[in-house]
Amino acid sequence: MKILGIETSCDDTGIAIYDDENGLIFNEKFNQSLIHNKYGGVVPEIASREHTLNISFLIEKISKNLNINFKKINAIAYTCGPGLIGSLLVGATFGSALAYSLNIPTVLVNHLEAHLISIMMEKKCPIFPFIGMLVSGKHTELIYAHKFGKYSLLGKTRDDSAGEVFDKVAKNLNLNYPGGPEIAKISKFGNFNKYFFPRPMLKTNNLDFSFSGLKTAVVNFIKKQSMLDFQLISDVANAFEESITDVLVTKCKHALKKTRLKRLVISGGVSANILLRRKLRHMVSKCKGEIFFVRPEFCTDNAAMIAYLGMLKFQLNQIQSNLNIYVDPKLKIYNSKMNLNFISNI
Ligand code: KG4
Ligand code: ZN
């Protein structure tokens, strides 16, 4: 059984094919960051136009380079949300048209669920229930994963996402987009503890985050400097990375304590961050829990996770007619919010 997955929720165009016997047999993506870099962030209209060019190119590549008979594909899975409406529509219409031409169904895939469930492609993967922290360019959420398809919200950011703040701080430090990997690279040259930025929301009795105050503190600090040289940029990047990772790790610790669960899954672009991984490993081992990481190339957006989740949903017959095109830019992963007050206080 083979499922072709299409990912176009933001600025990465990805196509993958997941085969239930052989695993991933195709997985490629076009990253548009060089194009958006000069604007300091993703320009939605440009992203959609690039998707239309890249997507046909990737499909042609499959037919030229691989001996894949398109008639052997059982369904087309596409990201239906959340994401940029124009970008989502490119993947949805292309996927539906391809499915129509092959006379096969489509499978709707929630991008956030795909990030979370991509952990199941790893050798070391958790059993349900587990806590999932989704840290991407637009989301920072703590999720209680009861079972496949059933997720409750434990807490989320009240303003900016962690990824957004990485990108914003990087932009103010004159670093490239996306900012997360750039901050991580340069912060290694920074002096530990040279500067100190706030760790917001750590003392609140809930699992929500708020990063806009931290963002403002760092940006205001940068604006006060007369000159940004390499050492200053490295020191600020170091202090910022220490602060934001402390917040993410502490909230995960509180989530484990509040729910009394021991398994923690981290996914989404920011989960590629090495300092965050190191601190999480340390925290989880102290709590006698278990941590599960998605491999770095699957942390950021990719179609492998879409094809994989598409396969799981196809096996459960969660398919739809290729004539229905559906996207929801604000789609959520959770269907309920969990009230944790009855368990134990933080
Ligand atoms: O999951 P993702 O690829 O796209 C969304 O679904 O939003 O996440 C992109 C975000 C960007 O904000 C990027 O700066 C951040 O992930 N990111 C990182 C790292 N790699 C990517 N943040 C911190 N450290 C990294 N190594
Ligand atoms: Zn993503």
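## Overall fold

The protein chain of this predicted model contains eleven helices and eleven strands, where helices (H or I, at least four residues) and strands (E, at least two) are DSSP runs numbered from the N terminus. Its radius of gyration, taken over C-alpha atoms, is 20 Å, close to the 20 Å that the globule rule gives for 346 residues, so the chain is as compact as a globular protein of that length; the rule itself is 2.2 Å times the number of residues to the power 0.38.

Buried residues, meaning those under 20% relative accessible area with a 1.4 Å probe and protein chains only, make up 55% of the 346 residues. Of the contacts (heavy atoms within 4.5 Å) with a separation of 6 or more, 74% join residues 24 or more positions apart.

Histidine 111 counts as buried because its relative accessibility is 6%, and aspartate 301 counts as buried at 14%.

## The shell around ligand 1

Ligand 1 is surrounded by 20 residues, each with a heavy atom within 4 Å of it, and the closest are Gly137, Asp167, Gly180, Gly269 and Asp301. Among its polar contacts (pairs of N or O atoms within 3.5 Å), an oxygen atom of ligand 1 lies 3.2 Å from a polar side-chain atom of histidine 115, and a nitrogen atom of ligand 1 is 3.1 Å from an N or O atom in the side chain of asparagine 273.

Taken alone, ligand 1 exposes 560 Å², of which the protein buries 89%; these areas come from the Shrake-Rupley method with a 1.4 Å probe.

## Basis of the values

Residues are numbered from 1 along each chain as its sequence is written, while chains are lettered from A and ligands numbered from 1 in the order in which they are written. Local features need pLDDT of at least 70, side-chain atom pairs count only at pLDDT 80 or more, and totals for chains, interfaces and linings use all residues, whereas side-chain values use heavy atoms, with hydrogens and water left out.

Terms used. Buried < 20%, exposed > 50% of the residue type's maximum accessible area, 1.4 Å probe, protein only. Polar contact = N/O pair within 3.5 Å; in protein donor to acceptor, adjacent residues only side chain to side chain.
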